[in-house]
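Biologist: Please take a close look at one part of this model for me. I care about how its pieces are packed against one another.

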Amino acid sequence: MSATTKSQVCVVIGASHAGVNFAFNLRREGWEGQIILYDIDKEFPYHRPPLSKAYLTSDAGTEQSLLFPRENYETDQVTLKLGIAVENINRNDKAISLSDGAVQSYDKLIIATGARPFIPPIKGIDTAKNLFPMRTAEDAVNIRKAFNASGKKRVVVIGGGYIGLETAASLKKLGASVVVLEREERILARVTAPVMSEFFTKLHQNNDVDVITSKNVVSIEQNGHSNLVICDDDTKFEADLIVVGVGIRVNTELAAEAGLDIDNGIKVDETARTNDENIYAIGDCTYHYNPHYKCNIRLESVQNAVDQGKAAAKAICGEDVVYDTIPWFWSDQFDVKLQMVGLSNGFNDIVIRDEEADNSFSAWYFKDDELLAVDAVNFAKAYVLGTRFIKSGQKLDKSKLADLAIPFKPNSFLAE
Amino acid sequence: MAKITFKTSDGKTTTVEGTNGSVMELAVQNKIKGIDGDCGGVCSCATCHVHVNPDQWNVTGAPDELENDMLEFDENVSEYSRLSCQLKVSDALDGLVLTVAK
């Protein structure tokens, strides 16, 4: 390990999954100096995935889902500065300027700025009543409040991605009438195969959520105490609450203004380092090389935030490290647990294994003989075994995989 | 209140006390090596895998279906494997000894 000293300062911009996990891992790896985290979010750092799930349907609040307990920040001497924005990075002086007027110098700087919800340029969207994205604890609180205050509880979700669908499912559980409007021909079009889109469309329809595709929202008009959401075919939907989930924009501005390389995100190497040797970037905001898939990728996921943070912590403390993971994701909607592993981009064959239990199956994405990714619906075994097969590169017999008569065991599916 | 003992891969034995939350959260709070709980305790990441002291298997009981599915093909699984995010800290767990999986 390279010597780190007590006089050194590591500054982290962004105190969510990536920044916070990085900070505690940096301490664990032996960093002796200060660790200071800044975030514009005033809330004590919390898990984001529950916001669209359990958080909406229970009264527990984020205190029940802190990333790390409050006392760990004291015992590990990780300093949190919340509610403060970073205005710019001065690489020559190795310092950042803050919204409260202060300047903080650094020896190592970590950019973990993540992403922000994209608010599409829809006419009237700025003046719509009770319209929220779903990214922060504050967003979730706003959605809960508006929902509870609403009499008719008519919800329109713009965007049929994971965030929109999870929020739709949670609000439906609370008794809302929910319409999901998706611009593409199918929901989850950007992230998954048609078979998964069909499954989740049916799941929502069976739970009385109206999923309407090929619907482009063009304007939102105020209609007394509610809104009228208007589509390009002139269909109209009344909404007391509107949730916008049409994707994100990566927070690269600070890095770009500081002259760091940007390409679909902040460009980093296999140790999460930018083109400045003292500046690293981690999490949703990075564009990085994945050794397994042999391509550059940008990921929106907890796994990437945590694991890239761990890699950066090791690298800064002098360990040889290559960030090399198989990405994984999950989503909970109604009584369905979806677990995904790998990246399906470029697949040309898909094998479905339909289990005997209802709503339980797995989709195996191949490029020729190579297993790229697995989506498992209420069947964690496929997720775990898929992870193992993707890592090992073992060749599989696709016909065996699809054959329910063959028991689901590690050696059942290997090609002869 | 429950006293729970963790044995970790570096040969350390640590006993900690807890009153609520999950065993995973208790372990993270006390910086038990090898317990990360990356997914926040929703049985999705298996970074909180422990082996229960066989004599105390009746104390924790067996995993439910989802947890079992997560564990069954894990390379380090044993007959006494549990995901500690699914173990709720309570008086019933007092004296429990867990070995953190590799």
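Biologist: How far apart do the C-alpha centres of domain 1 of chain A and domain 2 of chain A lie?

Modeller: They lie 30 Å apart. First, the ground rules. This is a predicted model: local features need pLDDT of at least 70, side-chain atom pairs count only at pLDDT 80 or more, and totals for chains, interfaces and linings use all residues. Residues are numbered from 1 along each chain as its sequence is written, while chains are lettered from A and ligands numbered from 1 in the order in which they are written.

Chain A splits into domain 1 (9–116 + 249–316), domain 2 (131–245) and domain 3 (335–402). These bounds come from an automatic or database domain assignment. Where domains 1 and 2 of chain A touch, domain 1 gives eleven residues and domain 2 gives 14 residues. Contact means C-beta atoms, placed from the backbone, within 7 Å.

Now the domain 1 side of chain A. Its largest share, three residues, comes from helix α2 (residues 54–57) of chain A. Helices are DSSP runs (H or I, at least four residues), numbered from the N terminus. By class, this side has four nonpolar, three polar and four charged residues. Nonpolar covers Ala, Val, Leu, Ile, Met, Phe, Trp, Tyr, Cys and Pro; charged covers Asp, Glu, Lys and Arg; the others, Gly among them, are polar.

How values were computed
Contact = placed C-beta atoms within 7 Å. Helix = DSSP H or I, 4+ residues; strand = E, 2+ residues; numbered from the N terminus.
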